[in-house]
Amino acid sequence: MNTPVWFITGASKGLGLALARVLLAQNYRVVATSRDQHKLAQVLGEKSGQFLPLQMQVTDHDSIKNAVAQVQAHFGSIDVLVNNAGFGVLGNLEELPWSTIEDGFEVNVFGVMRMLRTVLPVMRAQKRGHIFNIASVSATVSAPAGAVYSATKAAVLQLSEGLAAELKPLGIHVTAICPGGFRTDFLDPSSMQSSAGAIDDYVHVHDILAQVSAMNHQQRGNPDKLAEALITLSHSDAPPLRMYFGSDAQKMVDNKFERISKERDAYKALTLGTDFDR
């Protein structure tokens, strides 16, 4: 029996690369995409009966349609889609170049939507599939220097929640993956765009940017273990809607939900007082 076909975007580095390597080692069939097909071949190998490397840009609908057509011709199905392609945006709203803000949404949000609109017809015809949308703990917990990035990932998280309800009757699962800090190249300049730090009033944000930069390649999260966790989830008949990964993510989310609960209780009377009187 053929193993499931995994389609991973942004697979030339980071979590995408770790996942592709683990899957190939376990004899899954893998489609890996990147803007640079040559780099894919360097890090993962050449095209084979098990592996299909493709050059693709999530910002180009025609590029996506061409890639999906090649996958269907090569493997005949798409069982698991991992919307992993994206990049980080760090800095305050005023200082970030407007083009960087637009690019963040274009890749992190609209790129995911383009992939979904192209792959979903395949999964609907199969009457099965599992979609992993890579969000972030930042989708739930925002902080100084992370507002724009958090906004892109919050969009992915909420998109996933609505899609999960739409697609469940069709036999298609959706899980939003919300990692904390994992030891990849995510904080490298090649994966992260940040503001220049020109406005003195934001010195506290500039300090945070320096702290984040110092964390590069020191994160506690193990990308290979996260890859194994995704494989485990892919075999579940009732997978979760969202998953937070990493001890740091767990702590951040626990603190956030506690704050929300306290604020909800403190302002409950004000909230309920906005209804019409019966």
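Of the 278 residues in the protein chain, 48% count as buried, where buried means under 20% relative accessible area, exposed means over 50%, and partly exposed covers what is in between, with a 1.4 Å probe and protein chains only. This is a predicted model, in which local features need pLDDT of at least 70 and side-chain atom pairs count only at pLDDT 80 or more, while totals for chains, interfaces and linings use all residues. Residues are numbered from 1 along each chain as its sequence is written, and side-chain values use heavy atoms, with hydrogens and water left out.

The protein chain contains 9 helices and 9 strands; these are DSSP runs numbered from the N terminus, with helices (H or I) having at least four residues and strands (E) at least two. Its radius of gyration is 20 Å, close to the 19 Å that the globule rule gives for 278 residues, so the chain is as compact as a globular protein of that length. That radius is taken over C-alpha atoms, and the globule rule is 2.2 Å times the number of residues to the power 0.38. Taken along the principal axes, the box filled by the C-alpha atoms is roughly 60 × 55 × 35 Å. Among contacts (heavy atoms within 4.5 Å) between residues at least 6 apart in sequence, 71% join residues at least 24 apart.

Helix α5, residues 147–167, can be followed from end to end: at 1.5 Å a residue its 21 residues should span 30 Å, and its end C-alpha atoms are 30 Å apart, which agrees. The expected span is 1.5 Å times one less than the number of residues in the helix. The buried residues of α5 include Val148, Tyr149, Val156, Leu157, Leu163 and Leu167, and what covers the buried residues of this helix includes the strands β5 (88–90), β6 (129–134), β7 (172–179) and β9 (242–245), together with helix α4 (98–126).

Strand β6, one of those covering elements, holds Gly129, a residue that is buried with a relative accessible area of 11%. Leaving aside neighbours within four places in sequence, Gly129 is in contact with Asp79, Met123, Gly171, Ile172 and His173. The C-alpha atoms of Gly129 and Ile8 are separated by 14 Å, although these residues are 121 apart along the chain.

The loop between β6 and α5 contains Ala145, which has a positive phi of about 80 degrees although it is not a glycine; at 6% relative accessibility, Ala145 counts as buried. Asn27 is likewise not a glycine and has a positive phi, of about 70 degrees. Asn27 lies in the loop between α1 (14–25) and β2 (29–34), and it is exposed, with a relative accessible area of 51%.

Helix α6, residues 203–214, includes Leu209, which is buried with a relative accessible area of 16%. Leu209 and Ala154 are 55 residues apart in sequence and 21 Å apart in space, C-alpha to C-alpha.

Turning to charge, the protein chain has 25 positive and 27 negative side chains, with the centres of the two sets 9 Å apart. Lys and Arg count as positive and Asp and Glu as negative, while His and the chain ends are not counted; the place of a charge is taken as NZ of Lys, CZ of Arg, CG of Asp or CD of Glu.
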